[in-house]
Amino acid sequence: MTDTKPAGAIDTPRVGYWHIWTDEQGVSHQDRCMLDRFFLKGIGEAAAQWNDPQPEDRATVVFTVQPVGWIGEWHENPAPQWIVPLAGRWWVESMDGTRVEMGPGDLSLGEDQHCVADAKGRQGHRSGTIGSMPAVLMTVRLAGSAPHHPCHRR
């Protein structure tokens, strides 16, 4: 195993993700965050690669396929979860009115638990598919609870 920077390696990477979270008043928001604690280290006999380990937690992997035209009206994520689009495109709208569109190569952290319904009945987020293909998503549901502030995962 090696901890050295190989010749010609790029600077420490930063990987962006969208974070939907709940503030202390129970309103969901979305912020653009960065995974930025990468370090070079080989795994086994493999060459060094950039790694950014996240806190260890029990997790359940769930794959979903959202049909063309699917809309999930206001709801909360069932648990803190990483959401990885594998195919197709989808959108997420938070209670503050922010709408984010994502597809393969994007990453989202869903932590909008414990929202409080507003006067319009909005609680958590809405989401739906975009375009003429189903959205195929992989979710990694975490067992822990979510703090009420953005970008805590780095």
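Figure 1. The model is predicted: local features need pLDDT of at least 70, side-chain atom pairs count only at pLDDT 80 or more, and totals for chains, interfaces and linings use all residues. Residues are numbered from 1 along each chain as its sequence is written, and side-chain values use heavy atoms, without hydrogens or water. The largest pocket holds about 250 Å³ of space. Its lining counts 18 residues, and Q66, H75, N77, Q81 and I83 are the closest to its centre. A pocket here is an open set of points on a 1 Å grid over the protein atoms alone, where a 1.4 Å probe fits and protein lies on both sides within 12 Å along at least five of seven lines; lining residues have an atom within 4 Å of a point. The volume is the space filled by probe spheres set on the points, which are joined across faces, edges and corners.

Figure 2. At least two lining residues come from each of β5 (59-66), β7 (81-87), β8 (89-94), β10 (108-111), β11 (125-130) and β12 (135-142). Strands are DSSP runs of E, at least two residues long, and helices are runs of H or I, at least four residues long, numbered from the N terminus. What classes of residue make up the lining of the largest pocket? Ten are polar, seven are nonpolar and one is charged. Ala, Val, Leu, Ile, Met, Phe, Trp, Tyr, Cys and Pro count as nonpolar, Asp, Glu, Lys and Arg as charged, and the others, Gly among them, as polar.

**Figure 3. The protein chain is built with strands and no helices.** Its secondary structure comes to twelve strands and zero helices. Read along the sequence, the pattern is β-β-β-β-β-β-β-β-β-β-β-β. The C-alpha atoms fill a box of roughly 55 × 40 × 25 Å, taken along the principal axes. Of the 154 residues, 38% are buried. Buried means under 20% relative accessible area, exposed means over 50%, and partly exposed lies in between (1.4 Å probe, protein chains only).

**Figure 4. Three residues make a nonpolar surface patch.** V61, F63 and L86 form this patch of about 300 Å². L86 sits in strand β7. It counts as partly exposed because its relative accessibility is 43%. Patch residues have over 30% relative accessible area and no salt bridge; nonpolar side chains (Val, Leu, Ile, Met, Phe, Trp, Tyr) are joined within 5 Å, like charges within 9 Å. Areas come from the Shrake-Rupley method with a 1.4 Å probe, and for residues only the protein chains shown count as cover.

**Figure 5. R14 and D36 pair across distant parts of the chain.** Side chains of opposite charge can pair when their charged atoms come close. A salt bridge joins R14 and D36, with the closest N and O atoms 3.9 Å apart. The partners are 22 residues apart: R14 is in the segment before β1 (15-22), and D36 is in the loop between β2 (28-35) and β3 (39-41). Are these residues buried or exposed? R14 counts as exposed, because its relative accessibility is 56%. D36 counts as partly exposed, because its value is 22%. R14, D36 and R154 are linked in a network of salt bridges. The rule asks for a side-chain nitrogen of Lys or Arg within 4 Å of a carboxyl oxygen of Asp or Glu. By this rule the count comes to six salt bridges.

**Figure 6. Two further salt bridges.** R99 pairs with E101, and their closest N and O atoms are 3.5 Å apart. R99 has a relative accessible area of 44%, so it is partly exposed. E101 is also partly exposed, at 42% relative accessibility. D118 pairs with R122, the closest N and O atoms being 2.7 Å apart. D118 lies in the loop between β10 and β11. With a relative accessible area of 25%, D118 is partly exposed. The C-alpha atoms of D118 and I71 are separated by 20 Å, and the two residues are 47 apart along the chain.

Figure 7. H114 is not a glycine, yet its phi is about 70 degrees. It is found in the loop between β10 and β11. H114 counts as exposed because its relative accessibility is 62%. C151, also a residue other than glycine, has a phi near 60 degrees. It lies in the segment after β12. C151 is partly exposed, as its relative accessible area is 26%.
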